[in-house]
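Hi everyone, thanks for coming.

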Amino acid sequence: MSLVLLLALVCSSCAVVSVRQEDAHRAGDDSLPVRGDFSVDTGATLSAIGRTPEQCRAEPEDCAKALDEVASIAGDQVLASRAELYLVRGTDTRCGESDAGCEDRRAVDLIESARSAYLYLFFGDRTPEERVFERRQVEVRAFYNHALQELTKLLYARYRGRTTGPPVVMLGDGLRLDVQLPEGAAPKPPLELIPASGLSFSGLRNIYRRDGFGAEFVAVREPEAMSEGSFQQLDYQPVTLVLKFEGENAAQVRTTRVATLQVFDIYRNRQARLGGRDVSLAANFSAAYGLWLARTDLIRLGLSGLVGRGDLGHEVPRVVMLEPYDPNRRVLVLVHGLASSQEAWINVANEVMGDPMLRERLQIWQVVYPTRMPLLVSHARIDKALRTTFQHFDPAGTAQASHDAVLVGHSMGGVIARLLVTQPDPGLLDRLLAADLQLDAKRRAEIAQRPIVKELLQWSPLPQVGCVVFIATPHRGAPLAERRIGRFVGRLVRLPADVVRSFEEALRLSGASKEQFRRLGVNRPQNGVDELAQNSQFMLATQDMPVEEGLPFHSIIARSKSNVALELSSDGLVPFASAHLPGAASETVITSGHSVQEAPEAILELRRILHKHVGTAF
């Protein structure tokens, strides 16, 4: 019961994301035809030539030919109606296993729909600028996007599971599709290719998109094996596809039998070249992240990292990159707190990715680590993981991504973040050793030279960091950790064998007996929960260590009750006096519980800090 209570306090605002996958027929756009109906404009055009919707759904070629033969109907009107005619049949057709040519016929219909829309949008009677505020232009672009989405689904179903995707796809009627992947992309089709338009989420505060041309998908690839440096890139990536037709004028586009299906990385491309114009590329920046969150048991991962039980426990930190590495964007590093994992940053990461200016200048790395470890152990291992990741992608350290990173830590993660940007002083070992042990100078010197002691107590500030943000961070400890509930949870924690062996080695080196340690109140290795206590040896030894000189840092502090004097306030776990760190470039206090990092006010403040750091207006 006590464990449940503590976790309820720690995760009082932890978000959990769920996803519902729906039929993407309408693609979330009211401009698209519903099965059995045409848009108002197309219905009027068909009526003008004496055709019914039923006739044209069955035989779109005959209706399209009839439209072409009526000179009194404007070319744009014909093209828009043709786009919808072929789209309706292409989406309504259901292929049986015995009909070998059905899928090719569907593909041809969808390509002809996209072709007619392409002609209307780029080679019509008027330029796109002349139609910029017209509803019909928006509808026709939706026809193009949806035809492309359905075509992509059809082709993916045909080629999924193969070791390599086709560079060229031959279809009926002599149509050829050239497939163009992003530079460096693996040719093997993904495990899944899911239309972003068919995904709806709960737990994500907002869904961020960029309006434009193309079909938005989530590509799910095979999980990456854990690298030596403990970093991995997310297996869920957003992509957008466009269809380009060969030709420099309407006549050439109308008759060409060659088109290019181009796949874009939405983080590296804002525009696509279509019809001789640079146009905005459609993108969904939330769908891939939301789908990954919904399919990952982050709550269980966080609990496993605390108590050390279950198959999801990890002994070493991981640097999880939410997108492929980009050398030209700075890194935003997020370090979660006790009994947590990436669920601590659900809306933080989504809001940053949804901010166009930040999205173009920052890439997000989330550090995941077992929070049961002693804090100096966690610091050393996270420091190594981050340095290794930076070194792996930029050995020379010259890329923009290797400079001016922003480090953000929540709760325990903030304590570790401060260690990452602190230079330890020579007296740290003495402060960590209990004075009651009465070790002589020779024994202290011997301890100082041990490899494990050097690894944990000798470090330099992380050079890639240019700014730090502490959120609800107990720089001077948290009272709850030393109360009965905290001690109870501390006893539940199971440390890995190497940490236990290090503790036993420390006993041997000190020359003290286990009975002496027990009299000092130390009868087992200290873990992350123990060391958050205000009077822990760790807190007393490190709380006054300063942030690297000249490095700007900011504090976001929570207080649960606004009617309590600020100096006496608390967020339910961390008192203001512990979260306050003198010398901050800014300090913002928000009325909230401990999980303040997910509060809209805190996210707005973080975005303000990030904009200031990257030099953009907010």
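First, some housekeeping. What you see is a predicted model, where local features need pLDDT of at least 70, side-chain atom pairs count only at pLDDT 80 or more, and totals for chains, interfaces and linings use all residues. Residues are numbered from 1 along each chain as its sequence is written, and side-chain values use heavy atoms, with hydrogens and water left out.

Let's begin with the open sheet of 8 strands, whose order is 8-14-16-15-17-18-19-20 with mixed pairing. For my strand and helix labels, I use DSSP runs numbered from the N terminus: helices are H or I with at least four residues, and strands are E with at least two. Two strands pair if DSSP finds at least two bridges between them. Strand 8 (231–233) and strand 20 (586–591) are the edges; each has a single partner strand, so one side of each is left without a neighbour in the sheet. From one strand to the next, the twist averages 20 degrees. Axes here are lines fitted to C-alpha atoms, for helices over the stretch in contact, and angles run from 0 to 180 degrees between N-to-C directions.

Now let's follow the pairing in from strand 8. Strand 8 and strand 14 run parallel, joined by 3 bridges, and F231 has V319 as its bridge partner in strand 14. Strand 14 then pairs with strand 16 in the antiparallel sense over 4 bridges, with V319 standing opposite V367. After that, strand 16 (residues 362–368) and strand 15 (residues 330–335) run parallel and share 6 bridges; here Q366 is the bridge partner of L334.

Which way do the side chains of strand 14 (residues 318–321) point? R318 and V320 point one way, V319 and M321 the other way, and all are buried, where buried means under 20% relative accessible area, exposed over 50% and partly exposed in between, with a 1.4 Å probe and protein chains only. As a reminder, side chains in a regular strand alternate between the two faces of the sheet.

Let's stop at V335, in strand 15. V335 is buried, with a relative accessible area of 0%. Leaving aside neighbours within four places in sequence, V335 is in contact (heavy atoms within 4.5 Å) with W345, V367, Y369, L407, V408, G409, H410 and G413. From V335 to V319 there are 16 residues in sequence and 9.6 Å in space, C-alpha to C-alpha.

Packing next. Helix 24 (residues 600–614) lies across several strands of this sheet, including strand 15, strand 16 and strand 20, and runs at about 165 degrees to strand 20.

On to the cores. A nonpolar core is a set of buried Ala, Val, Leu, Ile, Met, Phe, Trp, Tyr and Cys residues joined through side-chain atoms within 4.5 Å. The largest one has 55 residues, and W365, L386, L407 and V468 touch the most other members. Helix 13 (residues 375–393) gives the most to this core, with 8 residues. Not counting residues up to four places away in sequence, W365 touches, among others, V319, M321, L334, L386 and F390.

Now the other sheet: 6 strands, open, in the order 2-3-10-9-7-4, again with mixed pairing. Strand 2 and strand 4 (192–195) are the edge strands, each pairing on one side only. Neighbouring strands are turned by 30 degrees against each other on average, direction ignored. Strand 2 (residues 168–170) and strand 3 are antiparallel over 3 bridges, and in their hairpin, with 5 residues between the strands, D173 takes a positive phi near 65 degrees. Strand 3 and strand 10 are parallel over 5 bridges, with V258 as the bridge partner of R176.

Finally, the second largest pocket, at about 1,200 Å³. On a 1 Å grid over the protein atoms alone, a pocket is an open set of points where a 1.4 Å probe fits, with protein on both sides within 12 Å along at least five of seven lines; lining residues have an atom within 4 Å of a point. Grid points are joined across faces, edges and corners, and the volume is the space filled by probe spheres set on them. Of its 43 lining residues, L181, P182, A185, A186 and R221 are the closest to the centre. Which strand gives the largest share of the lining? That is strand 10, with 5 residues.

Thanks, everyone!
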